[in-house]
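Dear colleague,

I am passing on the structure we spoke about, with the sequence alongside.

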Amino acid sequence: MTPRLFKQVDVFTSTPYLGNPLAVVLDGSGLDDEAMQRFARWTNLSETTFLLPPADASADYRVRIFTPGGELPFAGHPTLGSCHAWLQAGGQPKSRDFIVQECQVGLVKVRREGPRLAFAAPPLRRSAPSPMLLPRVAAALGLKAHQILAVQQLDNGPVWLGLLLDSPDTVLQLNINHLALQALQVHIGVAAVYPAAEAAPLIARANREARAFGQTPLPTATLAQAPDLEVRAIVASTTVYEDPVTGSLNAGLAQWLMADGHMPERYLASQGLCLGRAGQVHLERDAQGQVWVGGDSVTCIDGQVMLGSN
């Protein structure tokens with residue numbers, strides 16, 4: 001067992017404990033797959049990452065991303081949180097313009113945007129879902145057909161069934177049958193646009209939802225900037241039913257919704273309200289058509305862990 005530098009980072013928030021937590025082992029050298037998976041199960045977070053020297057000479061570091069159940073080729077909040085931890089630990093990028101992360105989907109660029117970081121959304125493959133699937137998903141979420149405005153299968157490493165719904169209230173008040181979703185084995189991203197007049201009372205509405213789920217209401221100063229889109233990530237898992245704030249989902253949603261004219265080229269997404277979180281995701285499409293997914297990160301735990309392979 002070797003002492004290794006470790007950080008636990010909260011991503012998509014500047015306020016500790018209101019975003020999506022990530023465990024980061026800053027030196028994963030010498031750890032085999034089983035040791036990484038075992039530690040990811042022990043942290044019991046949605047993702048745990050291990051930083052390694054890059055295999056590609058153009059990358060600054062390599063990251064492996066594990067859930068409690070297995071390894072992911074890419075994920076958004078681990079990308080931003082790992083980069084935040086690497087920079088905070090003294091990492092020096094090779095380029096003045098970008099940090100380059102190597103992961104299973106390839107090289108991912110990360111740029112600084114003032115106090116926050118943003119990653120370049122990987123290429124998106126999208127398609128129409130099976131017509132047999134949508135009615136079963138709608139029933140499992142307690143949705144009527146008229147509440148679903150658009151639907152798309154989104155694949156940027158993780159695969160999401162994206163649903164654009166008629167209102168943020170519909171998103172926040174889903175009546176979810178998790179057993180039915182587990183049987184379907186589909187991860188679902190739901191979203192709805194905030195009309196300008198509806199964004200102002202967001203905190204009051206979010207706090208009603210928090211109370212309904214038996215959680216502590218958010219402080220009124222938590223969301224200083226009113227969002228343009230409300231998002232939830234419902235996962236087909238026996239251990240985690242909903243992800244607090246999801247970079248890969250927001251990346252796919254932005255590429256789809258911008259391309260089809262549902263959202264402008266720059267907007268702010270809110271996620272996590274029904275879990276007592278206040279995640280904020282900044283989405284932007286640049287002049288070259290690249291979508292960037294940005295957010296703040298804050299370190300909550302800084303120290304060492306004892307890890308070794310069998």
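This is a predicted model: local features need pLDDT of at least 70, side-chain atom pairs count only at pLDDT 80 or more; totals for chains, interfaces and linings use all residues.

The domain assignment divides the protein into domain 1, which takes in residues 2–120 together with 296–307, and domain 2, which covers residues 125–289.

Where the two domains meet, 17 residues of domain 1 are in contact with 20 residues of domain 2, and the area buried between domain 1 and domain 2 comes to about 1300 Å², with 57% of it on carbon and sulfur atoms. Between the two domains there is one salt bridge, and E284 forms a salt bridge with R111 in which the closest N and O atoms are 3.3 Å apart. The count of residue pairs in polar contact between domain 1 and domain 2 is seven, taking pairs in which both residues are at pLDDT 80 or more. On the side of domain 1 that touches domain 2, the elements that give two or more residues are β2 (20–25), α2 (76–88), β7 (106–113) and β8 (116–120). Sorted by class, that side of domain 1 has nine nonpolar residues, five polar residues and three charged residues.

Turning to the aromatic rings, the count comes to seven aromatic pairs. One of them is formed by F6 and F39, whose rings are edge-to-face, with 6.1 Å from centre to centre and 85 degrees between the planes. F6 lies in strand β1 (residues 2–11) whereas F39 lies in helix α1 (residues 33–43), so this pair ties together parts that are 33 residues apart in sequence.

Which residues is H178 in contact with, once its neighbours within four places in sequence are left aside? They are I234 and Y241. As for P131, H178 and P131 are 47 residues apart in sequence, and in space they are 21 Å apart, taken from C-alpha to C-alpha.

Conventions: Residues are numbered from 1 along each chain as its sequence is written. Side-chain values use heavy atoms; hydrogens and water are left out. Domain bounds come from an automatic or database domain assignment. Contact means heavy atoms within 4.5 Å. Buried area is the accessible area (1.4 Å probe) that two parts lose on being put together, summed over both. A salt bridge is a side-chain nitrogen of Lys or Arg within 4 Å of a carboxyl oxygen of Asp or Glu. A polar contact is a pair of N or O atoms within 3.5 Å; within protein, one must be able to donate a hydrogen and the other to accept it, and residues adjacent in sequence count only if both atoms are side-chain atoms. Helices (H or I, at least four residues) and strands (E, at least two) are DSSP runs, numbered from the N terminus. Ala, Val, Leu, Ile, Met, Phe, Trp, Tyr, Cys and Pro count as nonpolar, Asp, Glu, Lys and Arg as charged, and the others, Gly among them, as polar. Rings of Phe, Tyr and Trp (its six-membered ring) pair if their centres lie within 6.5 Å; planes under 30 degrees apart count as stacked, over 60 as edge-to-face and the rest as tilted.
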